[in-house]
Amino acid sequence: MNQEGNVAASSAPQIVFFDLETNVPSRCGSGGGRFHVLEFGAIVVCPRKLVELESYATLIRPSDLSAASVRSSRPEGITRAAVAGAPTFEQVADRIYAMLNGRIWAGHNIQRFDMVRIKEAFAEIGRPAPLPVGSIDSLGVLTQRFGRRAGNMKLLRCSNCTHPIIKYFRSLDDVRMNLEVLKHCATVLFLVRHFMSITI
């Protein structure tokens, strides 16, 4: 690669895979009937080698502590006791902003969920939200490439194809798993294209 190519590659925006864990809004009024961010996890990835450069994860105490469940149905689920002593979103907002702003955002179903929740969380504390330079939603990518015939496109099901022993996830586990799922799917697509090119 020539010098111009090296400069272009080094200046390419980094990719940040991120995931949020939230409450499930209740009609009974718990948590104000809206989403509260309970955990944030992210990894910054080199766009050329797809290797992890930086990571950050934190539990977050919601403004309404009743939004977090007293008990969780999952062994590693987030409980009210777990977030009671955690920092508020406002206290970690600078770190989250630095992780996300000006990078390509990636994750599973982030366009319909995580990106919306991030904007809401920053609006709640009266601060401008970080802005991506682009986004990669693995739910959309996998559905487009493999189609609905592939079945349930939840991240857990997708991961079972590559890491069947993993059963439960938290934010940082989810983003790392998401990266691996996309790597494996990219390999499958490459092999399919190669096979079709030599059989036509």
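A residue is called buried under 20% relative accessible area, exposed over 50%, and partly exposed in between, with a 1.4 Å probe and protein chains only. This is a predicted model, in which local features need pLDDT of at least 70 and side-chain atom pairs count only at pLDDT 80 or more, while totals for chains, interfaces and linings use all residues. Residues are numbered from 1 along each chain as its sequence is written, and side-chain values use heavy atoms, with hydrogens and water left out.

A search of the whole structure finds 6 salt bridges, each defined as a side-chain nitrogen of Lys or Arg within 4 Å of a carboxyl oxygen of Asp or Glu. One of them joins the side chains of R176 and E52, at 2.9 Å from N to O. This pair links distant parts of the chain, since R176 lies in helix α7 (residues 171-199) and E52 in strand β3 (residues 52-59), 124 residues apart; helices (H or I, at least four residues) and strands (E, at least two) are DSSP runs, numbered from the N terminus. R176 is partly exposed at 33% relative accessibility, and E52 is partly exposed at 35%.

Strand β3 also holds E54, which pairs across 41 residues with R95 in helix α3 (residues 89-100), the N to O distance being 3.3 Å. R95 counts as partly exposed because its relative accessibility is 32%, and E54 does so at 29%.

Helix α3 also contains D94, whose partner R127 lies in the loop between α4 (110-124) and β5 (134-137), 33 residues apart; their salt bridge spans 2.8 Å, N to O. Here D94 is exposed at 53% relative accessibility, whereas R127 is partly exposed at 28%. Finally, salt bridges that share partners join E54, R95 and R103 into one network.
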